[in-house]
Amino acid sequence: DGGKKAYITLRGGGLFIVDVSNTPMRVVKSYNKDEVAPAGCGGIATGKKIYVNSGTATSSNLYVFDSSNDNLIKHIDVSGIGNDGHGLVLTGKGRYLWMGNRASGNIVVVDTKSDSIVGTISDVGKAPDIMDISPDGERVFVALRGPNNLTGGAVAKGERPGMAVMRVKDGGASGSREKFIPLGDQTPQSPNDPHGLAVRILRHR
């Protein structure tokens, strides 16, 4: 919607959709905690859809909204395949959505045409968190939490703080870990705890 709306998850559950172009800003639609589960994390847009996730130690959920009217059009329960859903990224030029599950150490792949789960990537690393994609769409970079995590509780406890570099395969429908890049102290006592990352595009003159 031209950047005029924000989808805001609430820690205790629920969702506010806010018109940020209005002064003062105003809530245009809301969902309660029974409609959008607690511990919402992130969202991402593609076409006329907005994807929002949430996750706890025993659950992982993905919600699909129609951006034209803000209606919830589908709820995908990922629990059992992966728990503590967090980072989201689009691959295959928007055809597939990857969602990290910290408690399960995997990435669930969703086909954005059918909004159904079509695969799981298991060789990521412990406690995968926020992720981003390279400009050419060939790699996804995933933050891996440290062994002494500062937030997220026991399910966000990782092993080695760093970043997993994932090779995108099959047009985005699958992938595999190509490389691990350590960040800081790698001992069991490490205070390092990567939580998020973002790809910065540099343009050379």
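Reader: Which residues touch the most other members of the largest nonpolar core?
Author: In this predicted model, Trp 98, Val 124, Val 140, Val 142 and Met 166 touch the most other members of the largest nonpolar core, which has 15 residues. A nonpolar core here is a set of buried Ala, Val, Leu, Ile, Met, Phe, Trp, Tyr and Cys residues joined through side-chain atoms within 4.5 Å. Buried means under 20% relative accessible area, exposed over 50%, and partly exposed in between, with a 1.4 Å probe and protein chains only.

Reader: Which elements give two or more residues to this core?
Author: Strands E9 (96-101), E10 (106-111), E13 and E14 do. Strands (E, at least two residues) and helices (H or I, at least four) are DSSP runs numbered from the N terminus.

Reader: Before going on, what are the ground rules for numbering and confidence?
Author: Residues are numbered from 1 along each chain as its sequence is written, and side-chain values use heavy atoms, with hydrogens and water left out. As the model is predicted, local features need pLDDT of at least 70 and side-chain atom pairs count only at pLDDT 80 or more, while totals for chains, interfaces and linings use all residues.

Reader: Back to Val 140. What is it in contact with, leaving aside neighbours within four places in sequence?
Author: Val 140 has contacts, meaning heavy atoms within 4.5 Å, with Val 89, Thr 91, Trp 98, Met 131, Asp 132, Ile 133, Ala 164, Val 165, Met 166 and Val 168.

Reader: Which residue in E14 stands opposite Val 140?
Author: Met 166 does. Strand E13 (residues 139-144) runs antiparallel to E14, and six bridges join them. Two strands count as paired if DSSP finds at least two bridges between them.

Reader: Is E14 mostly covered or mostly open?
Author: Mostly covered: six of the eight residues in E14 (residues 162-169) are buried.

Reader: How many bridges does E14 have with E15?
Author: Eight, in the antiparallel sense, with E15 spanning residues 174-182. Val 165 is opposite Lys 179 in that pairing. Four residues lie between the two strands of this hairpin, and Asp 170 takes a positive phi near 50°.

Reader: Switching to charges. How many salt bridges are there?
Author: The count is 11, where a salt bridge is a side-chain nitrogen of Lys or Arg within 4 Å of a carboxyl oxygen of Asp or Glu.

Reader: Where do Asp 115 and Lys 49 sit in the chain?
Author: Asp 115 is in the loop between E10 and strand E11 (116-121), and Lys 49 is in strand E5 (residues 49-56), 66 residues apart. Their side chains meet in a salt bridge at 2.9 Å, N to O. Asp 115 is buried, with a relative accessible area of 6%.

Reader: And Asp 129 with Arg 145, buried or exposed?
Author: Asp 129 counts as buried at 0% relative accessibility, and Arg 145 likewise counts as buried at 0%. Their salt bridge is 2.9 Å, N to O. Asp 129 belongs to strand E12 (residues 128-133), while Arg 145 is in the loop between E13 and E14, 16 residues apart. Salt bridges that share partners also join Asp 84, Arg 102, Asp 129, Arg 145 and Asp 193 into one network.

Reader: What about rings: how many aromatic pairs are there?
Author: Two in the whole structure. Rings of Phe, Tyr and Trp (its six-membered ring) pair if their centres lie within 6.5 Å; planes under 30 degrees apart are stacked, over 60 edge-to-face, and the rest tilted.

Reader: Why is the pair of Tyr 31 and Phe 65 called edge-to-face?
Author: Because the ring planes are at 65°, with the centres 5.3 Å apart. Tyr 31 is in strand E3 (residues 26-31) and Phe 65 in strand E6 (residues 59-66), so the pair ties together parts 34 residues apart in sequence. Phe 65 is buried, with a relative accessible area of 0%. Tyr 7, Tyr 31 and Phe 65 form one aromatic cluster.

Reader: What sheet is E3 in?
Author: An open sheet of three strands, in the order E1-E2-E3 with antiparallel pairing. Strand E1 (5-9) and E3 are the edge strands, each pairing on one side only. Strand E2 (residues 15-19) pairs with E3 over five bridges, and the bridge partner of Phe 16 in E3 is Ser 30.
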